[in-house]
Amino acid sequence: MFKILRSLLFLPALVASSYGLVYGVDSSSLVPEATYAKALGEGFTKAIIRGYEEACGVGGEVDPNFVSSYNNARAAGYTNIDMYWFPCNGSGNNCKSYATQLSEIAAVFLAHSMKIGTIWIDFEKDAAICNNWNYGTSGNLAQAKSLIAAMKATGFTYGIYSSPGEWSTLFGSTSVVLDNSAPLWFATYNNVQTLTLGTPFGGWTTAVGHQYTDVSASGLFDLNVFTH
């Protein structure tokens, strides 16, 4: 039964080319080379790795698994690799400035000759551990604008990751616009492998990525579709 379920989970990737979509895996933990190799062989040709975590106890830090997972993905044959940044913020946390967090990302890119396509900014509430984004809806928007300004100053290619529910939680409404000129990667766990944005938010009516499930055979990946 497990083998059948695993095949069903990965079957969409085998026919991705017929729909012009790119299938991808994203991870927030250490992924072995063999696991990446298996995913690549099943048609998941894009990898997104958490490169920076909020780690509010130390003000934010490069994910300790980032470089190893990146190297494992490269060794497995991946060339289409993005990362995501889960920024540290929150009024009760002594977080590094957004510019400093980004400079630490830049430093690890340089030190390890990393080739990263897009940095995805993760707009997501973490009430349980760090209680980030706790400035009130207007304060959260001001923080988000500051974050985007810091990102733009780096010259990095970036996009925004969120969901209608998270957006409303952070900013008080799905209609609040932050930077809808940036590409959107959204999460809606409906197992529908399309880019249809069922609930528009943030000024976007279309998206370039959709995280459609947090279930995978390895237990290490969320599964996604992208335009490229």
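**Reading rings and strands**

Guide: Let's start inside: Phe123 is buried, with a relative accessible area of 0% (buried is under 20%, exposed over 50%, partly exposed in between, with a 1.4 Å probe and protein chains only). Before going on, note that this is a predicted model, where local features need pLDDT of at least 70, side-chain atom pairs count only at pLDDT 80 or more, and totals for chains, interfaces and linings use all residues. Residues are numbered from 1 along each chain as its sequence is written, and side-chain values use heavy atoms, leaving out hydrogens and water.

Visitor: How many aromatic pairs does the structure hold?

Guide: A pair of aromatic rings is described by the distance of the centres and the angle of the planes. Here there are 19 aromatic pairs (Phe, Tyr or six-membered Trp rings with centres within 6.5 Å; planes under 30 degrees apart are stacked, over 60 edge-to-face, the rest tilted). One of them joins Phe109 and Phe156, edge-to-face, with 5.6 Å centre to centre and 70° between the planes.

Visitor: Where in the chain do Phe109 and Phe156 lie?

Guide: They come from distant parts, 47 residues apart: Phe109 belongs to helix H4 (residues 98-111), and Phe156 to the loop between helix H5 (136-154) and strand S6 (158-162). Helices (H or I, at least four residues) and strands (E, at least two) are DSSP runs, numbered from the N terminus.

Visitor: Are Phe109 and Phe156 buried or partly exposed?

Guide: Phe109 counts as buried because its relative accessibility is 10%. Phe156, at 25%, counts as partly exposed.

Visitor: Back to Phe123, then. How are the rings of Phe123 and Trp133 placed?

Guide: Their centres are 5.5 Å apart and the planes meet at 35°, so this pair is tilted. Both residues sit in the loop between strand S5 (119-122) and H5, so the pair ties together parts ten residues apart in sequence. Trp133 is buried as well, at 4% relative accessibility. Ring pairs also link Phe123 and Trp133 with Trp167, Phe171, Phe201 and Trp204 into a cluster.

Visitor: Now the strands. How covered is S2?

Guide: Mostly covered: nine of the ten residues in S2 are buried. Strand S2 spans residues 44-53 and includes Glu53, which is buried at 16% relative accessible area.

Visitor: Which strands pair with S2?

Guide: Strands pair if DSSP finds at least two bridges between them. Strand S1 (residues 22-27) runs parallel to S2, joined by five bridges, and Asp26 stands opposite Ile48 in S2. To get from S1 to S2, the chain passes through helix H2 (residues 33-41) in a right-handed β-α-β crossover (strands pointing away from the viewer, the path over the helix runs clockwise from the first strand to the second).

Guide: S2 also has six bridges to strand S4 (residues 80-85), again parallel. With strand S3 (residues 61-62), S2 is antiparallel over two bridges. Tyr52 shows both pairings: Val62 stands opposite in S3, and Trp85 is the bridge partner in S4.

Visitor: What does Lys46 do, in S4 terms and in ring terms?

Guide: Its bridge partner in S4 is Asn80. Lys46 also lies over the face of Phe226, 5.0 Å from the ring centre (the cut-offs are NZ of Lys or CZ of Arg within 6 Å of the centre and within 35 degrees of the ring normal).

Visitor: And how does S4 pair with S5?

Guide: In the parallel sense, over three bridges, with Trp120 in S5 as the bridge partner of Tyr84. The chain goes from S4 through H4 to S5, and this β-α-β crossover is right-handed. Strand S4 is mostly covered, too: five of its six residues are buried.
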